[in-house]
Amino acid sequence: MCVERFGNRYEAFPRSRSTINRRVQAAAKQAGISGRVYPHCLRATAASYHAYKGVAPVPLQALMGWSDLATAQKYIRISGTATADALRRVHHQ
């Protein structure tokens, strides 16, 4: 939510990529998260989370700002929700 609010408030961030990466790393460290964390990783996590929660391909594409619908479909396919939904429909009729 913080990253989204920041993006909504500012059209551009006047810092280098390495500065942003260091700041994300520092925030992750303060949050007790070990390992390498970087902005694109957070974006992928958000996409995976929303796909797992059942967001359809077109809304996921719009939310993440992808130009290609196939990217959203990839996250949904990886999440396994489509398979789980299909199995529920077959077994719980």
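In this predicted model, helix α3 (residues 39–52) packs against helix α4 (residues 57–64) at an angle of about 155 degrees, and their axes lie 11 Å apart. Angles over 145 degrees count as roughly antiparallel, so α3 is roughly antiparallel to α4. Their crossing is right-handed. On the α3 side, the contact is made by R43, A47, H50 and A51. L60, L63 and M64 contribute from α4. Five of the residues in this contact are nonpolar, one is polar and one is charged.

Helix α4 also packs against helix α5 (residues 69–79). Here the angle is about 110 degrees, with the axes 8 Å apart. The two helices are therefore roughly perpendicular to each other. α4 passes α5 in a right-handed crossing. From α4, the contact uses P57, V58, L60 and Q61. From α5 come L69, A72, Q73, Y75 and I76. By class, seven residues of this contact are nonpolar and two are polar, with no charged residues.

| Helix pair | Angle between axes | Axis separation |
|---|---|---|
| α3 and α4 | about 155 degrees | 11 Å |
| α4 and α5 | about 110 degrees | 8 Å |

Confidence comes next. The chain has a mean pLDDT of 83, and 83% of its residues reach 70 or more. Helix α4, a partner in α3–α4 packing and in α4–α5 packing, has the highest confidence in the chain, at a mean of 92. Confidence is lowest in helix α1 (residues 2–9), where the mean is 67.

Technical notes: Residues numbered from 1 in each chain as written. Predicted model: local features only at pLDDT ≥ 70, side-chain atom pairs only at ≥ 80, totals over all residues. Heavy atoms only, no water. Axes fitted to C-alpha atoms, helices over the stretch in contact; angles between N-to-C directions. Helix = DSSP H or I, 4+ residues; strand = E, 2+ residues; numbered from the N terminus. Parallel < 35°, antiparallel > 145°, perpendicular 65-115°, else oblique. Left-handed = near helix turned anticlockwise from the far one by under 90°. Contact = heavy atoms within 4.5 Å. Nonpolar A, V, L, I, M, F, W, Y, C, P; charged D, E, K, R; others polar. pLDDT = per-residue confidence, 0-100.
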